[in-house]
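Hi there,

Here is the structure I promised to pass on to you. Have a look at it first, and then read on for my notes.

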Amino acid sequence: GNIQVTDPETIVSPIKTNVNAVTGNATHLSFLFPTLVVLVIMFVSVLGAATLVIREKSSKAYFRNFITPTSEFLFMFGLFLTNLILVVVQILILIGVSAYFLKDEIISTLGGAFLVLVIGACAFILLGMFIGYMFKNEETSTLGAIAAASLMLFFSNTILPIETLPESFRRVVDFNPFVLAEGAFKKIVLFGADLSVVAIP
């Protein structure tokens, strides 16, 4: 008669637990999305920049451009700007498609995500231009661009966890542009982080 609790369900499991997901009701696509977007931007930026530089160098108008009083820096800046405009259009298309399919995860973080992707694209374009100026023909520059992009992809969390690498090598890999862009984009898209949180101190 002294027992106050008589409900069998309460006696069997007296402690109630509620499980709340860290990222809300996100699909698996939303976890893969940041990696795929940065991967596409990396390959297009590196390959596009290297190819445009080689095409410019092998053009019949190269000598005419070379003897003009215009500085070499202006031509390089023009190539960079051309690549950047092409990649920005691609980023806008990717974000537009993703905003249609992943409304909840993307819409609130559009500004920060776009800025991170543009900064990452700038780094990839500069790398592609460097590769293009290093090699003399289109085949070797394409091979060099694919090799550089593949190395950046291989030494990232996409294929192997960075934590498995030796400590001294991990410090170098932490400055991989692909790792930085993917990590920042993932923090913004999945966790809604602010730009001040993902910025490098």
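Does Phe 169 count as buried, exposed or partly exposed? Phe 169 counts as partly exposed, because its relative accessibility is 35%, and the cut-offs are under 20% for buried and over 50% for exposed. I will come back to this residue below. Please keep in mind that this is a predicted model.

Let me begin with the overall fold. The chain has 10 helices and zero strands, so to speak a run of α-α-α-α-α-α-α-α-α-α from the N terminus on. Of its 201 residues, 33% count as buried. The chain exposes about 12900 Å², and carbon and sulfur atoms supply 70% of that area. Looking at contacts in the chain with a separation of 6 or more, 75% come from residues 24 or more positions apart.

Next, the aromatic rings. How many aromatic pairs does the structure hold? The structure holds three aromatic pairs. Phe 154 is partly exposed, given its relative accessible area of 38%. Phe 155 is partly exposed as well, with a value of 23%. Phe 155 also forms an edge-to-face pair with Phe 169, at 5.2 Å centre to centre and 75 degrees between the planes.

Finally, a word on confidence. The average pLDDT of the chain is 81, and 81% of the residues score at least 70. Which element has the lowest mean pLDDT, and which the highest? Helix 5 (residues 103–106) has the lowest, at 62, and helix 7 has the highest, at 91. Where pLDDT is low, the predicted coordinates should not be read in detail.

Best wishes

Definitions and conventions. Residues numbered from 1 in each chain as written. Predicted model: local features only at pLDDT ≥ 70, side-chain atom pairs only at ≥ 80, totals over all residues. Heavy atoms only, no water. Helix = DSSP H or I, 4+ residues; strand = E, 2+ residues; numbered from the N terminus. Buried < 20%, exposed > 50% of the residue type's maximum accessible area, 1.4 Å probe, protein only. Contact = heavy atoms within 4.5 Å. Areas by Shrake-Rupley, 256 points an atom, 1.4 Å probe, with all protein chains shown as cover. Phe/Tyr/Trp six-rings, centres within 6.5 Å; stacked < 30°, edge-to-face > 60°. pLDDT = per-residue confidence, 0-100.
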